[in-house]
Amino acid sequence: MVTKETFDTKLSPHWCPGCGDYGAWRATKMALASLGLEPHQVLIVSGIGNAGKMPHWVRTYGFHGLHGRPLPVAQGAKLANHELTVLVVGGDGDGYGEGMSHFIHACRRNSDMTYMILNNGVYALTTGQVSPTSEKGFVSKSTPEGSPETPINPLVLAIAAGATFVARGYTGKTEHLAKLIVEGVRHRGFAFLDVFQPCVVFNKVNTYKWYNERVYTLGKEYDPTDRARAFQKAYEWGDRIPLGVIYREEGKPTMEDETPQIAKGPLVRQPLKGIDIKPLMEQLL
Amino acid sequence: MTAGYIFSKVCARGGLNVFTATEYPSLIRGGHNIYHVRVEERELTSPIVLVDLLVALNKETIDLHKGELTHGGAIVYDEGTKLGEGEVRPDVLLYPIPLQKYAREIGEANVMMNSVALGASVALVDYDFDLLARVMRETFGGKKGEEIADANTKAARAGYDYIREHFKPTFGHRLRRVEALRRMLINGNEAMAIAAIRAGCKFFTAYPMTPISSLLQYMAANGRAYNIVVKQPEDEISVINTAAGASFAGARSMVATSGGGFSLMVEALGMIGGAEVPLVILEGQRPGPSTGMPTWTEQGDLKFVLSASQGEFPRVVIAPGDPAECFHTTMDAFNIADKYQLPVILVSDKYLAESARTMVPFDERGVGIERGAIATEDVLAATKDYRRYRPTDSGVSLRSLPGQRGGEHVATGEEHDEYGNLEEDAENRRRQMDKRMRKLEYVARELPEPKVYGAGDSDITIVGWGSTKGPILEAMRYLEADGIRARFLHLVYLSPFPAAKVAQVLDSSRASFMVENNKTAQMAGVIREYTGRKVQHNILKYDGRPFYPHEIYDAVRRTIHGH
Ligand SMILES: Cc1ncc(C[n+]2csc(CCOP(=O)(O)OP(=O)(O)O)c2C)c(N)n1
């Protein structure tokens, strides 16, 4: 039987005490266990940053690549072996800064994977610079007079770009986050989770207290399949901030569905011996 | 451009050897386009500048190229184009024909003019019209193409008949069909694509860029038939990272780009070096810096490719010299990448990638697929303590693929221990670095040595790498006719560098010449670095054009004879 402990590694994470990343880590293991997946069936791809270290501490296959580039790696791996359950993890700097264009394109391709951004509104690994999700006026080491820029809204972007599952979680609500991950993995298509992840060292604005005072979980009465309402919900910010599935669209073909070369089975299992190139050479005669 | 291709194909079908070279500016349509077709009965390895028959669809073409015409050469042009007194040399034969008039009568004037001129050309060289008609049918063919093919054949016939009826057969160049082996008309891109398909490349990504766009298109066109996933991602960063993911998951993968795109790939190149992911990367050079001259040729990226990306990691760099070498080295590249779990960079250039020439079909004997140390679940089950990055004698460690039970690990370009865990310990760093770099010692042992062509015992040595092979070989024939016996050292496998062989050849040379399509003699620098030897003379060309044999011949002869 697979349990949460099945995914433990010999080493333990070395994030700072109190870091929101621990919540995401626990939620990930809980989700994988409740999905009944075995470690070898799962691939976690990550970028560079504190969040990007996740694969080292969840016993599955992992690929810890470059800052901002986990999504391309994940899409390649998924096309090569679509039987894998693919999770992608990165920070807000990784995904919304360096890797923004990959994010938009992954949404529109609807690749069947779950992308989780641990959004702490700051660059933590590099010890405290402004991020694309830092609030206007955010004072950081690289914006000592406060950030002059408007933060991006990842949920709105994802819906607009064609993601078919868009949700928001909070590492302070681990079980809720685990459920969102489960739903994301079960969803056929690109599932995107923006996850509030307090950084206890470098973000003194968006603290646990700040989030706890504002977040609420969407209830049954909210219908995430209505795109127009989803946009509205995604814009909700201020005193009340929604958590849960903001948008969901079923039935849209995935990138893998649209790739007939893998309809009969994973690419990696196709035989390589005896490929006949005579017809290609004939064409040139 | 199509007309030049058809003429080449017609010649190839008749058993003749063809070497084509295209020149076009970086414009979608229009501008001055050239399709140079060289035809002979003997094997050809290079383009030349001279022109026997100039087909000029406008006056500009005559102005630009009349100086290249040989004695007794000819110009086919529209009768409406007026040539002033003495504008062309008196020995040049003029064939004004109603190109526009016929074209307009038959169909879309601009396109049809090509076909009228084609027919006229075939008549002038006294060649087989039926062969032309057949190739036209194939080229335009298909269901929808039927009408187009008919119209074009009609236009060609009109041009053919016009020459026959209005001119005496004074043009001195005749082509005749010869019995010969069937030959492909093939360029470097096609040769590499066919090799990749044969090698079992299952995943191919590229972002369009001259000169590799036609390779992307070739792979895309054949992706369904050969079950290859071919994708055009959002940029070259995604191109290489996507392919890295596919390769990590176990699919043989390849990417193609030119210098600009390669610049974007550089960070990921190091990542796959550190994470030990196999990947074949084609860098088709064109003149830089920046977008430089997008549709022209150069060998300016050598040092960049040899050292691109921060830090140190093993890589293999291969620069084939002609389509046959493109085929065989691409096959090799996949095997080396897999066996040594590292990036293999193939280097070509616009000239090699896009110049079609006749070649006999590739010999597939001895061409195999070696995937190296990839685990099976049984092996993993029997391995108690699987370590993805376990140091071995050869530096190569057993590679498990995602999905295999018992092989779980993290692949990463960040420094790691034997398991793939992040580790910054000094001793571990040395061990992992040594392990990775050790692979090169083993690669070096299996790479073919540079070949020496021509008079092996001569003490006059011409050194070249990659695509300059053809022009150098032809220049050697001119030199020999002049009584200069030279040998040619051709470098194809560039990294790890074949220092011993190069040193040995240079040490036994009285005079040595480095031929490179760049400004700063980059290979001469590399040779110096690895052998301590200096190549005496540099023959360099960096105007965006490939070498013509006479340029090499002239430079060598001048030095040897002192005039
Ligand atoms: C190309 C590149 N640029 C910059 C860096 C340095 N860097 C590492 S992590 C990081 C940002 C970290 O922020 P985030 O992605 O939000 O992750 P966090 O550490 O906050 O979890 C940066 C700028 C890098 N590794 N690579």
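Predicted model: local features only at pLDDT ≥ 70, side-chain atom pairs only at ≥ 80, totals over all residues.
Residues are numbered from 1 along each chain as its sequence is written, chains are lettered from A and ligands numbered from 1 in the order in which they are written, and side-chain values use heavy atoms, without hydrogens and water.

Strands. I found strand 2 of chain A paired with strand 14 (residues 410-412) of chain B, in the parallel sense, over three bridges. Strands pair if DSSP finds at least two bridges between them; a strand is a DSSP run of E with at least two residues, a helix one of H or I with at least four, numbered from the N terminus.

Extent. I read that 52 residues of chain A are in contact (heavy atoms within 4.5 Å) with 65 residues of chain B. The two chains bury about 5000 Å² between them, 64% of it on carbon and sulfur atoms; this is the accessible area (1.4 Å probe) lost on being put together, summed over both. In chain A, Tyr61(A), Leu284(A) and Leu285(A) lose the most area to chain B, together 16% of what that side buries.

Charges. I got a count of four salt bridges between chain A and chain B (a side-chain nitrogen of Lys or Arg within 4 Å of a carboxyl oxygen of Asp or Glu). Lys278(A) forms one with Glu364(B), with the closest N and O atoms 3.3 Å apart.
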